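Welcome! Here is a short tour for anyone meeting this structure for the first time. Take a look at the picture below, and then we will walk through a few places together.

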Amino acid sequence: MHHDEQVRLIQRALALIEAGASERGEPTFSPVSRYLDPARFESERERLFRALPIAVCASGSLAAAGDSLALDVAGVPLLLARGEGGELNAFINACRHRGARLLGAGAHHQRAFVCPYHSWTYGLDGALRCRPHAADFPHAPPERCALVRVPVGEALGLVWVVPRARREGESDRIDLERHLGRFGQDLRHWGYDGWVPFHERSFPNAANWKIPFEGNLETYHFQYAHRQSIAHLFHDNLLIADHDGDHQRLLLPKRSMAGLRDLPHERWAIGPHSNIIYFFFPATFILHEGDHANLFTVLPDSVGHSTVRAVTLIPEKPTSEKAARHWQKNVESFWGALDEDFALGVSCQSTLASGANAHWHLGATECSAARFHAAVERVLVGR
C-alpha cells in the first residue's frame, strides 16, 4: 500500500476514534436456508468456486522442479506441479486411461507421474510419456492423452486456480493482475510476490463455507469472543471498510494508532498500528499484520462442511532459531484467536436446523458480511 493511501486510512481511523464511532451500513437479514439448502450449495460450488480464482497454497511450497501437490478443490481433484523450466502447471488429478488418481493427497516430489493402475506415465508438463503395450491404443494417440489442464496463476506469494478443466481456446494462465485489482496492488507494494511460507495448515471445518467469512468480516464480536486473546489490542467494534468490485479491504485500528496524532504524516505507518483484512471474493482471506501475513481459503465440501487451507507468509526464510521462534509466536497468536472464531462458527452451524431461527440478523457494523452475501446472491442469480 502506498504511503499516501496509508495516510488517508489513518486519518479516517483517527476521526472515528475521536468520535467514538464506526463505519456502518444497512442492517439486514441472512436466511438460514443459505447454509442448509443442498441445491443452493451445488449452485454456489459451480458458479463461484469453479468459475473464479481461488488461492490454494503458497508458491514457495512448490519451489523446485518436481515439487507437486494433490488436493481436492470444490469437489475437483487437482494436481499442481512445478515444471522443469520453473513454470507452474495445474491438472485434473486423473489418468487419461481409466481415471485413477495419479497421486494421493498431499505434497510430493518426483519428475514424472506414474498411474498406479496401469503405469501410464506423464511428465511434469502433463504430456503422456509412455505406457505399457502402447500399440494396443491406436485409437488414443499420446497427444490426445495429456493430462487435462486447469487454469492456474501465481500472485502475492500464492497459487491460484480455477478448479475446472480448461476450456477450448482458453489460456491456462489466469490474469491475476486484473482479478485482484487495486487491493492486489496494495499487497504487491508490500512485496508479497516475494514472500515465502513459514507455516501451513489444513483442517476440516464442520460449518458451511460462508460462515467463517461472516465472523471475519466484522469486529462486533472482538470484545466478547476474543476477550482472553486479542480484544485488548483493538477498539470496540471499530471498522473501516472499502471495496473494489466484490473484493473487500477492512482496516482494524489498534489502540496504539491514537499515538500517531502527534507525529508528522511522513512518519505515519499503518502496519504497526492496525490489522488489515483483504478478502478476495469468493473465498480467500488475507490478514496483513505489517511485517507478515496470515491467510486462509475456505473450500466447500458439503452443505455443512468445509476445508480450510491456511498459510503464514513472511518476507524471507528465518536464518536463526531466534527468528524462527519469533514467527512461531506470531502463528500461535493468530491461530489462538482464529480457532475461537472457527469454533463459534461450528456452534452456529449446529443450531441451524433446530428451527430456532428463520434468519440471522446482521447489524449496521456487520455491513461487510452483508456485502459478501449480496455478492454471492448476485452471482447465483446471474446478474
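Let's begin with an open sheet made of three strands, arranged in the order 7-8-9 with antiparallel pairing. Its edges are strand 7 (112-114) and strand 9 (128-130), each of which pairs on one side only. On average, neighbouring strands here are turned by 35° against each other, direction ignored. Please keep in mind that this is a predicted model.

Strand 8 (residues 121-123) and strand 9 run antiparallel and are joined by two bridges. If you look for threonine 121, you will find cysteine 130 of strand 9 opposite.

## Another sheet, and a helix across it

Three strands also form an open sheet in the order 2-11-10, again with antiparallel pairing. Strand 2 (54-58) and strand 10 (152-155) are the edge strands, each pairing on one side only. From one strand to the next, the twist averages 30°.

Four bridges link strand 2 to strand 11 (residues 158-161) in the antiparallel sense. Here alanine 58 stands opposite leucine 158 of strand 11. Helix 3 (residues 176-189) lies across strand 10 and strand 11, and runs at about 15° to strand 10.

## A stop at lysine 254

Where does lysine 254 lie? You can find lysine 254 in the loop between strand 14 (247-253) and strand 15 (274-280). Leaving aside neighbours within four places in sequence, lysine 254 has contacts that include Leu233, Phe234, His235 and Pro272. Cysteine 348 is 94 residues away from lysine 254 along the chain, and their C-alpha atoms are separated by 28 Å.

Conventions: Residues numbered from 1 in each chain as written. Predicted model: local features only at pLDDT ≥ 70, side-chain atom pairs only at ≥ 80, totals over all residues. Heavy atoms only, no water. Contact = heavy atoms within 4.5 Å. Pairing = 2+ DSSP bridges. Axes fitted to C-alpha atoms, helices over the stretch in contact; angles between N-to-C directions.
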